[in-house]
Amino acid sequence: GPERILSYRTDITVHVDGVLTVRETIRVHATGHKIKRGIYRDFVIRYKEILGLSSLRRPEIVSVLRDGRPEPHHTTKEGLGLRLYVGKPSVLLPTGEYVYTLTYRQDRMLGHFDDHDELYFNAIGTEWDFTIDEAIVTVTLPDGIPVDGIKTEGFLGKRGSKAFCLGVVDDQGRIVFTANR
């Protein structure tokens, strides 16, 4: 079949100090059309603040794996963001399925307001060239946050989409968003 992302799982852990650890598990079907040597992942690193100021939030890349093994990678600046290239320039991938696991840390993603704190985070990115068959995002919050005080709202689709995706709290207290369209 055509190149596509078969599943995209994002696991976000919010630490007490507000830093996030994010692990993305991206299973792709590659045919050598666009996925020749690997994949790339775009991160928006400039966010407009409430006061209209621009804030830089650069992810700290912790590890990059392909099928569980470390994979060469590098980053370049692209417009308002950062592009993480994954793969070795000299290695062409045979047609098949590959699982990429990207782990990174990111801070200053929490908004603090008078009556609530907010995590506003683009968990998958909107710049993918491929259909994503299934996406799952889980958010693990620090201990001690009452479940009944959590409001879960998400959006799916292209940048600016108003398509709503409601999260549910699972039996382990994690917030889970699922999309298969």
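## A quick tour of the strands and the core

In strand E9, Arg 83 is the bridge partner of Thr 76. That pair is a handy place to start, and bear in mind as you look around that this is a predicted model.

- E8 and E9 run antiparallel and are joined by six bridges.

**E6 and its partners**
- Strand E6 covers residues 60-66 and pairs with E10 in the antiparallel sense, over six bridges.
- E6 also pairs with strand E7 (residues 69-70), again in the antiparallel sense, this time over two bridges.
- Arg 66 turns up in both pairings: its bridge partner in E10 is Tyr 100, and in E7 it stands opposite Arg 69.
- E6 and E7 make a hairpin with two residues between them. Asp 67 sits in the turn and has a positive phi of about 50°.

**The largest nonpolar core**
- This core has 36 residues, and the ones touching the most other members are Ile 12, Ile 26, Val 28, Ile 39, Phe 121 and Trp 128.
- Several strands supply at least two residues each, among them E1 (4-14), E3 (38-44), E9 (81-87), E10 (96-106), E13 (135-140) and E17 (175-179).
- Who does Trp 128 touch, leaving aside its neighbours within four places in sequence? Its contacts are Ile 5, Tyr 8, Ile 26, Ile 39, Tyr 40 and Arg 41.
- Two of those contacts, Ile 26 and Ile 39, are also listed with Trp 128 among the core residues that touch the most other members.

**A loop residue: Val 16**
- Look for Val 16 in the loop between E1 and E2.
- Is Val 16 buried or exposed? Val 16 counts as exposed because its relative accessible area is 79%, and the cut-off for exposed is over 50%.
- Val 16 and Leu 141 are 125 residues apart in sequence, yet their C-alpha atoms are 8.3 Å apart in space.

How values were computed:
Residues numbered from 1 in each chain as written. Predicted model: local features only at pLDDT ≥ 70, side-chain atom pairs only at ≥ 80, totals over all residues. Heavy atoms only, no water. Core = buried A, V, L, I, M, F, W, Y, C linked by side-chain atoms within 4.5 Å. Buried < 20%, exposed > 50% of the residue type's maximum accessible area, 1.4 Å probe, protein only. Helix = DSSP H or I, 4+ residues; strand = E, 2+ residues; numbered from the N terminus. Contact = heavy atoms within 4.5 Å. Pairing = 2+ DSSP bridges.
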